[in-house]
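Work through the exercises below with the sequence and the structure at hand. Each task is followed by a solution in steps.

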Amino acid sequence: MLWPAVRVLAYGELGREQAAELARLLGLDQGPRSEGPGEEASLAHRTFTDGVRLVLDLSRLGTTGWLLTLLAEGEPGPQVVERHRALLSDAAERFGLSVVQVDPPRTAGEVFLPPPADEGSIGQSWELPFDELDQLWPHLGVRADAPREVKRVKLEAMTRAPVWSSAPERLRRQAAAFLRA
């Protein structure tokens, strides 16, 4: 089964010809892929092998959203993932798209942070079933091997949320120590 190894989410206006040019730059075949998550939004793709079966894909999200993805059947090597992270990010920027998120993130700039909830938002009590920082990372969408700066950005955003004041004291202490270090 195919799963995303790296995804670049970007926004911006691209006409039909520009989108086709982006697909050509990435060496993609015109035509959507027919498997894997998000196949219904796919515009162009290319299947190849580099240790494992890979699919490079360009998808459109709404009118101005673009998703450039490397999908893998199995676990691709870290060099493959990093090479495609750079390729996809550079391609998006070359076409004037604003990169909003790279997943999994490797730098603070690749992290997407939703706008903070206002004080009157629903859900201001701590309903999460854990009180240890190591348990919080997956909830924040952070992998165990994520760089420290990625963890810091995600944790700082969480600590600014109104619900943080309801978090268990032990978790708040661990988070404060992590952010101070």
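**Exercise 1. Find which residues of helix 5 are buried, and where on the helix they lie.**

Step 1. In this predicted model, the buried residues of helix 5 are Leu171, Ala175 and Phe178.

Step 2. Viewed down the axis of helix 5, these buried residues fall within an arc of 60 degrees, so they line one face of the helix.

Step 3. Their packing partners are helix 3 (133–139) and helix 4 (148–160).

Step 4. Helix 5 itself covers residues 169–180, which is 12 residues. From its first C-alpha to its last it reaches 16 Å, close to the 16 Å expected at 1.5 Å a residue.

**Exercise 2. State the order of helices and strands along the sequence.**

Step 1. Count the elements: the protein has five helices and six strands.

Step 2. Read along the sequence, they follow the pattern β-α-β-β-β-β-α-β-α-α-α.

**Exercise 3. Describe the largest nonpolar core and name the elements that supply it.**

Step 1. The largest nonpolar core holds 28 residues. Those with the most contacts inside it are Leu22, Leu26, Leu68 and Leu70.

Step 2. At least two residues of this core come from each of strand 1 (3–11), helix 1 (16–25), strand 3 (42–49), strand 4 (53–61), strand 5 (65–73) and helix 2 (78–94).

Step 3. Helix 2 gives the most, with five residues.

Step 4. A second, separate core has 19 residues, including Val111, Leu136, Val153 and Ala175.

Step 5. As background, nonpolar side chains in soluble globular proteins tend to be buried together.

**Exercise 4. Decide whether threonine 69 is buried or exposed, and list what it touches.**

Step 1. Threonine 69 lies in strand 5.

Step 2. Its relative accessibility is 3%. The cut-off for buried is under 20%, so threonine 69 counts as buried.

Step 3. Leaving out residues up to four places away in sequence, threonine 69 touches Pro4, Val6, Arg7, Val55, Leu56, Asp57 and Leu88.

Step 4. Now take leucine 70. With the same exclusion of residues up to four places away, leucine 70 touches Trp3, Pro4, Ala5, Val6, Phe48, Leu54, Val55, Leu56, Val80, His84 and Leu88.

Note on methods:
Residues numbered from 1 in each chain as written. Predicted model: local features only at pLDDT ≥ 70, side-chain atom pairs only at ≥ 80, totals over all residues. Heavy atoms only, no water. Core = buried A, V, L, I, M, F, W, Y, C linked by side-chain atoms within 4.5 Å. Buried < 20%, exposed > 50% of the residue type's maximum accessible area, 1.4 Å probe, protein only. Helix = DSSP H or I, 4+ residues; strand = E, 2+ residues; numbered from the N terminus. Contact = heavy atoms within 4.5 Å. Expected span 1.5 Å × (residues − 1). Arc of directions from axis to C-beta.
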